[in-house]
Amino acid sequence: MPRPPSRLASSATAAIGRGIGSTANRWSLVTRSASSSNQGMRKESSPGTMKYNRMIDVCSKTHDTLGTELLFFKMVREREEPDGATHTLLISASVDAWRSWEWLRRFRDSGLDPEVSAHSAAAGAFARVGDTTGAERCLKLMRQAGLQPRTWSYAPLLQACQQPGSGGAQRAEELFEEMKTCGLAPDASCYAGLLACYAGEGNWTAVDECLSDMRLRGLQPTGACFAGLINACVRTRDVARAEKLVGQAVREGVEPTLSMLNVLLKVCQRAGDTSSALRWLQDIPRRHGLTPNATSFNTVLAACGSTGDMAKAQETLQQLAQSGRKPDRYSYTTMIQTCAKAKRSAEAEEWLHRMLDSDIEPDVTAFNVTLHACVQNEELGRLWRIFDKMKALGVSPSAATFTTLALPYSKYGDVERVEGILEDSRKAGFLPGVREYSCLFSSYANVWPAPLKKAETAFREMVAAGVEPNEHVLRFLRKVLGHRRTERLTTELGTAMLPPIEPRSGSTKGSGSQQNSSWIASQLSRLAPPLSLGLSGPA
């Protein structure tokens, strides 16, 4: 059964009520006009209805749910008869799929007769969020109303099959058979959904067969078909196949769009192929006559960031500026990330200040990446200076902020300081997760003597809280308690246990970090902030 109207729906109803009257009055107006509207939908719409539809269309294109609903109720109040286009636009405007369903149900319950396009719009709303069950419910409702789904009714449903848990290629094939049973011929948009399902599962043989079937039916693969196939290469990081698909599109007379080429850049970025990303950034205007946009440049910046190539990243940023565009928050954050990858914390801080000087409102992500750069370079003074700057600007820390602050201390066994930072994380409203526990057990594993009771108590609390220990937590725990004691504890609590570690030749007890951790901790204490943590750094 559909859920009750969302909070968005409730706020919209309240806002409409201030200017137009109660919900009951508005819906009584809709109900009283139902029979005339049904007649009106089968004749030419009045000039007043067409005027409102044009205004509703503007709101619908931007998914302005509140504006669309305000116009609709004003339309009914003024006795203008809504037609099929009105219903479709109103349903299409809803950001929440269940809100679309609620409008569809209300129209039917009020005696109105939504057309195929209205039901299809509701199905599309569910399909956009990967809810194939909800989308199919809309098609079922359409059939119950005596309406036959059209080819384009199935297109969003086929696109949704790509989502995890939505049936994949098998469900898409079933929908194709259902269309044929209904006497419907799949069009290019339907084939685009099926192709994307095959590509998402790595079944490129089926992709080739599907493309051949399209051509036999007289359908030419479209840009959307090739864009879906290229997008599937993002997950597999297959740059060669993505480039081959762009070439195939060109040979078949499909002119690549900028969005398609941006997806290709995304494949290069995920694969860490900086040279290919830079080459395609040059080819977009040179070979295809298109102008790269901010997404194009930022994707290439991210490719440079994944490999820590500062020189190429700065070169790309210069090209962005030369194109007449200003770097945005993502551009600066990516530059900071590139510095972190290259272990250049001073330059990361410099790019953070450049971002702040550009009147871009700072966010926690930019600060977290800068803090991570300091951790990478083991610069604790800079770490706390940046955190103080973050607080001064009123940027609220996230859970990742606290784990980043705790990480350098956990590596050197400063248990007291790690526990203090994680306690501040709790006070800030963040429940400890696997990252927090990983930091905590890391500190236990790197101090000598190891706090056996603390480690066991913390592990019991972790399991009781429903936090699943990962490999890092279990390795740290085993380092603290030893293999046998850890095995007994994990067996008692019903958690996984790592296989035993084979001792290396020449290894001795008390080597490495255990011997040096107390000295390192004493050095850290000179640089570290006080434990009271309003979390302020060193003076």
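Select D414 to begin: it sits in the loop between α24 and α25 (415–427). Helix names here follow DSSP: helices are runs of H or I of at least four residues, strands are runs of E of at least two, and both are numbered from the N terminus. D414 is buried, at a relative accessible area of 11%. Buried means under 20% relative accessible area, exposed means over 50%, and partly exposed lies in between, using a 1.4 Å probe and protein chains only. D414 and S442 are 28 residues apart in sequence, and their C-alpha atoms are 9.7 Å apart in space.

Before moving on, note that this is a predicted model, in which local features need pLDDT of at least 70, side-chain atom pairs count only at pLDDT 80 or more, and totals for chains, interfaces and linings use all residues. Residues are numbered from 1 along each chain as its sequence is written, and side-chain values use heavy atoms, with hydrogens and water left out.

**Stop 1: the aromatic cluster**

Select Y437, F441, Y444 and F459. They form one aromatic cluster. Rings of Phe, Tyr and Trp (its six-membered ring) pair if their centres lie within 6.5 Å; planes under 30 degrees apart are stacked, over 60 edge-to-face, and the rest tilted. Start with Y437, in helix α26. Y437 is buried, at 5% relative accessibility. Show A458 as well: its C-alpha is 8.1 Å from that of Y437, though the two are 21 residues apart along the chain.

**Stop 2: two aromatic pairs**

How many aromatic pairs does the structure hold? There are eight. Zoom to Y332 and W351. Their ring centres are 6.2 Å apart and their planes meet at 50°, so this pair is tilted. Y332 is in helix α20 (residues 329–341) and W351 in helix α21 (residues 345–357), so the pair ties together parts 19 residues apart in sequence. Both Y332 and W351 are buried.

Next, return to F441 and F459. This pair is edge-to-face, 6.2 Å centre to centre with 70° between the planes. F441 belongs to helix α26 and F459 to helix α27 (residues 452–464), so the pair links distant parts of the chain, 18 residues apart. F441 and F459 are both buried.

**Stop 3: charges over rings**

R354 lies over the face of W351, 4.1 Å from the ring centre. For this, NZ of Lys or CZ of Arg must be within 6 Å of the ring centre and within 35 degrees of the ring normal. Then select R417 and Y409. R417 lies over the face of Y409, at 5.5 Å from the ring centre.

**Stop 4: the second largest pocket**

Select H372, T403, L407, R435 and C439. Of the 16 residues that line the second largest pocket, these are the closest to its centre. The volume is about 390 Å³. A pocket is an open set of points on a 1 Å grid over the protein atoms alone, where a 1.4 Å probe fits, with protein on both sides within 12 Å along at least five of seven lines; lining residues have an atom within 4 Å of a point. Grid points are joined across faces, edges and corners, and the volume is the space filled by probe spheres set on them.

Colour α22 (364–377), α24 (399–411), α26 (434–445) and α28 (471–481). Each supplies at least two lining residues. Which helix gives the most to the lining? α24 does, with six residues. By type, the lining has four nonpolar, ten polar and two charged residues. Ala, Val, Leu, Ile, Met, Phe, Trp, Tyr, Cys and Pro count as nonpolar, Asp, Glu, Lys and Arg as charged, and the others, Gly among them, as polar.

**Stop 5: cysteines**

Show C197 and C161. The sulfur of C197 has its closest cysteine sulfur in C161, 5.1 Å away, too far for a bond. A disulfide needs two cysteine sulfur atoms within 2.5 Å. The whole structure has zero disulfides. C197 is buried, at 3% relative accessible area. C268 is buried too, at 0%.

**Stop 6**

Most residues other than glycine have a negative phi, and most peptide bonds are trans. Select W448 and P449. The peptide bond between them is cis, with omega near 0°. P449 is in the loop between α26 and α27.

Jump to R237. Its phi is positive, about 60°, although R237 is not a glycine. R237 lies in the loop between α14 (223–236) and α15 (239–251). R237 is exposed, with a relative accessible area of 52%.

End at K343. It is not a glycine either, yet its phi is positive, about 60°. K343 sits in the loop between α20 and α21. Buried or exposed, or in between? K343 is partly exposed, at 49% relative accessibility.
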